[in-house]
Amino acid sequence: MSQQYKNIKTAENVFTIIEKIEQLDQPTCSELTAHVGLSASSVYNYLRTLEEWGYVIRNDGRYRLTLKFLQKGRAVRNSYPIMHAATEPIDVLSKVIDEYISVFVKEGVHAVMIHEANSHHAVHVPPPFLGEPFHLGKVPQGKVILAQMPESDRREILSGNGLDSETTERLETELEDIRERGLAVDEGQSHENIWAVAAPVKVGDEIYGSLLISTVLHRLDERRANRELPNLLVQTVKEVEHRLSRYDFDDLYSTGDPPPPECRFARRSGSVPPPHPCDKSLSLSCERMT
């Protein structure tokens, strides 16, 4: 049973104003007042407070959000070990296969994209979803995570999804198939005309997230859809899992871009590792595909 809480109206007002500033595209105080249901003086006081804290900036009487949100978002994104372990492998793979690849993590009941790689010639699909949440039970990148979760946790998420018993049972069967195969394939069910394949990233009992390759359906032939892309995705996942199991990501930078490889992939003992044959396996196999 979920714990009851008292909604803090002041906090709710702050987040309402922040979201309205984004939606209204640099509104004035009067324009905000008309949309948030507060007095002009209250809205003004909230704006001045946000301005003092550096989250809002005023220019010619109009307000916009500052890049401080980007700073905080990057710090959160870089706190996920998969962000550092997956960046290089998916960047390499994207250039080789000319397709769009993305990294997702579990946040509550959602799968959230934290990184994307897109080669120069690839079709950019889906549209930029960086940071946008997708329910775990509705997209392939979420289903592969959901399929790997303990049964009790999985059932709790599905029970709060608003699905009837028949749909839930059908989804459970699908998740069982995904768990056995280690992949989820989507042929336009989540996004029209978009084909996608996803795989979980897991070391031991810990689920770090998922990787997703997506492209438009007309770019695919049977061999590429059934063998080439799924096999390369699985190989890339193995490389990411190898890095996660071999290196210590606990003390990485909390802000800014991921550190260079010699810092990112320091061994758990603290020394810089020599090149490892597995680190080159993806590149060598990809070269054979070109």
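Tutor: A pocket, on a 1 Å grid over the protein atoms alone, is an open set of points with protein on both sides within 12 Å along at least five of seven lines, whereas a cavity is a set where a 1.4 Å probe fits but cannot get out; lining residues have an atom within 4 Å of a point. Keep in mind that this is a predicted model, in which local features need pLDDT of at least 70 and side-chain atom pairs pLDDT 80 or more, while totals for chains, interfaces and linings use all residues. Numbering runs from 1 along each chain as its sequence is written, and side-chain values use heavy atoms, without hydrogens or water.

Helices here are DSSP runs of H or I with at least four residues, and strands are E runs of at least two, numbered from the N terminus. The biggest share of the pocket lining comes from α4, which supplies seven residues. By class, the pocket lining has 14 nonpolar, two polar and six charged residues; Ala, Val, Leu, Ile, Met, Phe, Trp, Tyr, Cys and Pro count as nonpolar, Asp, Glu, Lys and Arg as charged, and the others, including Gly, as polar.

The axis of α1 (residues 9–24) comes within 11 Å of the axis of α3 (residues 40–52), and the two cross at roughly 80°. That makes α1 roughly perpendicular to α3. Axes are lines fitted to C-alpha atoms, for helices over the stretch in contact, with angles from 0 to 180 degrees between N-to-C directions; 65 to 115 degrees counts as roughly perpendicular, under 35 as roughly parallel, over 145 as roughly antiparallel, and the rest as oblique. On the α1 side, Thr-10, Asn-13, Val-14, Ile-17, Ile-18 and Ile-21 meet Tyr-46, Leu-47 and Leu-50 of α3, where contact means heavy atoms within 4.5 Å. Seven nonpolar and two polar residues make up this contact of α1 with α3, and no charged ones.

The loop between α1 and α2 holds Asp-25. Its phi is near 60°, a positive value in a residue other than glycine. Asp-25 counts as exposed because its relative accessibility is 57%; the cut-offs are under 20% for buried and over 50% for exposed, with partly exposed in between (1.4 Å probe, protein chains only). In α2 itself (residues 29–36) you will find Thr-33, which is buried at a relative accessible area of 18%. Beyond its neighbours within four places in sequence, Thr-33 touches Leu-38, Ser-39, Ala-40 and Val-43.

With a relative accessible area of 25%, Asp-98 is partly exposed. Within α5 (residues 81–97) lies His-84, which counts as buried because its relative accessibility is 1%. His-84 is 159 residues from Arg-243 in sequence, yet their C-alpha atoms are 9.2 Å apart in space.

The structure holds one cavity of 30 Å³ or more, and the largest cavity has a volume of about 100 Å³. Gln-141, Ser-190, His-191, Ala-196 and Leu-212 are closest to the cavity centre, among 13 lining residues. Two or more cavity-lining residues come from each of α6 (140–148), β7 (194–203) and β8 (206–216). The cavity lining divides into eight nonpolar, four polar and one charged residue.

That brings in α6, which packs against α8 (residues 165–181) at about 85°, with their axes 9 Å apart. α6 is therefore roughly perpendicular to α8.

How values were computed: Points joined across faces, edges and corners; volume = space filled by probe spheres on them.
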